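Please look over the chain shown here. The paragraphs below it go from the overall form to single residues.

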Amino acid sequence: CNFENYIMFAGDVTIVDNCVFTGKYNSYFWTATANNITFNECEFNGVERIVKVCTVGNSGERTVTFNDCTFTATEQKKAAIEIDGTKGSSYKVYINRCNETGFAPGEFTGETMFNIEGMENVEVYVDGELWKLRNPHYEVIEEIVDGNTIKTYQVYTAEGLAKFSYMQNNVAEERNINLEIMNDIELPQFEIAADGDNQTYYFTNKPITVTDGVPSGSNWVAIGDYNLGGENNRWCYSKIEGNGKTVRGLRMTSTSPITAFVAYIDLTTGSISNLNLDDAVVHSTKAYTAGLVAWMGDGVAVKNCHLTNVHVNGDDNTGGVVGYCVTRHWNDFGTSLIEKCSIDNSSTVNGDTNVGGIVGRNYGSIVKDSSNEASIAGNNYVGGIVGQSLHNGTGRDSGLPLPSYVIACKNTGKIT
């Protein structure tokens, strides 16, 4: 069978098999007063939305099912199925093995297949699973690995990133949570504060300005914030995956040591990969300051991270990418590694002692395949790649020396 233009369905039980619905202009197909309707292997073609699931002036629960259906739109304006639970009826909608082409994400759901109004009166099941509204800022993904639950925060916004930082810093059982950045993220130019009731950091309405390289406040609380104190000073043991995304607009000012996007990351469980920073200003009057990582140690790897237009001002052990990279001789957890990282020629790094474009101080660790174009300035031990690089004794268990290596790196930045 074939249907064209505006169609309304009614009745207690309706089954529609192998039909083609073609809507012209802005017309659509309305389930109307159908109590239970099922579409099997049907084609729906139209301009924007195709099916309206809605009943006006009636109450009770209604069921609408789509099995093996296809939906095609010529204008990308709305989701394929619009479900309205605000008119008196409640709905259970089942969408099984369906495909859509040419639709826009629903304003509420973010899904191209369906949008919902009146969520409290609607349940949607997609391929047998109850659909749940995704938090717009982050999702928490759990998987079992070797009998252990591994939790990863997938973040989409600055608010989601702030949530991760709060949980990692302040909730003991979340110390080993991982981070995956799903979108480019712009940090608001407002000061950040803690909200203990909702377990997050939030951006206030107090704006941040930058004068002579010094931000008036901070819009970020470092992951693994050493200065919070408490057990192990909240060190970070997380895997941070950037997915090639960029975090922009970082502003930090501090009178305490260990200041950067990530303050302190340690042990072989910790790593940072494929993350970019752009338009960052980090200023501290104390040691261990950087754009990306202030302090990393004992088997941590920082790989494929790139900084543009980043300005770092610190004291001792100040670096563009990393402030201090160490492999400690008493642990034998593995050699710390900085690999395939860079900082561009619009960036600057300024400090006192041990100042470098990639890392301020390299202590028994490896820096390789990295490049610096930034201008670097300091008073003692100043370098384009590394400010100071030295061995760190002998491994306690292995008995092997822990030399530092700088391998296949390139500097074109000005050193003063």
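What follows is a short walk through this model.

This is a predicted model, where local features need pLDDT of at least 70, side-chain atom pairs count only at pLDDT 80 or more, and totals for chains, interfaces and linings use all residues. Residues are numbered from 1 along each chain as its sequence is written, and side-chain values use heavy atoms, with hydrogens and water left out.

Start with the whole chain. Its secondary structure comes to one helix and 46 strands. Both are DSSP runs numbered from the N terminus: helices are H or I with at least four residues, strands are E with at least two. The C-alpha atoms fill a box of roughly 85 × 50 × 40 Å along the principal axes. The radius of gyration is 28 Å, whereas a compact globule of 416 residues would have one near 22 Å. That radius is taken over C-alpha atoms, and the globule rule is 2.2 Å times the number of residues to the power 0.38.

Of the 416 residues, 51% are buried. Buried means under 20% relative accessible area, exposed means over 50%, and partly exposed lies in between (1.4 Å probe, protein chains only).

Next comes the largest pocket. Its volume is about 240 Å³. A pocket is an open set of points on a 1 Å grid over the protein atoms alone, where a 1.4 Å probe fits, with protein on both sides within 12 Å along at least five of seven lines; lining residues have an atom within 4 Å of a point. Grid points are joined across faces, edges and corners, and the volume is the space filled by probe spheres set on them. The lining includes Thr149, Ile150, Lys151, Tyr237 and Lys239. Strand β16 (residues 148-155) gives the most to this lining, with three residues. The lining divides into three nonpolar, four polar and four charged residues. Here Ala, Val, Leu, Ile, Met, Phe, Trp, Tyr, Cys and Pro count as nonpolar, Asp, Glu, Lys and Arg as charged, and the others, Gly among them, as polar.

Now turn to leucine 179, in strand β17 (residues 178-181). Leucine 179 counts as buried because its relative accessibility is 2%. Serine 238 is 59 residues away in sequence, yet 7.1 Å away in space, C-alpha to C-alpha. Beyond four places in sequence, the contacts of leucine 179 include Thr152, Phe164 and Lys239.

Arginine 251 sits in strand β25 (residues 251-254). Is arginine 251 buried or exposed? Arginine 251 is buried, because its relative accessible area is 9%. Its side chain makes a polar contact of 3.2 Å with the side chain of glutamine 189. A polar contact is a pair of N or O atoms within 3.5 Å; within protein, one must be able to donate a hydrogen and the other to accept it, and residues adjacent in sequence count only if both atoms are side-chain atoms.

Serine 342 belongs to strand β36 (residues 342-343). Serine 342 is buried, at 17% relative accessibility. A polar contact of 2.7 Å joins its side chain to that of histidine 306.

Lysine 340 lies in the loop between β35 (337-339) and β36. Lysine 340 has a positive phi, near 55°. Most residues other than glycine have a negative phi.

Methods: Contact means heavy atoms within 4.5 Å.
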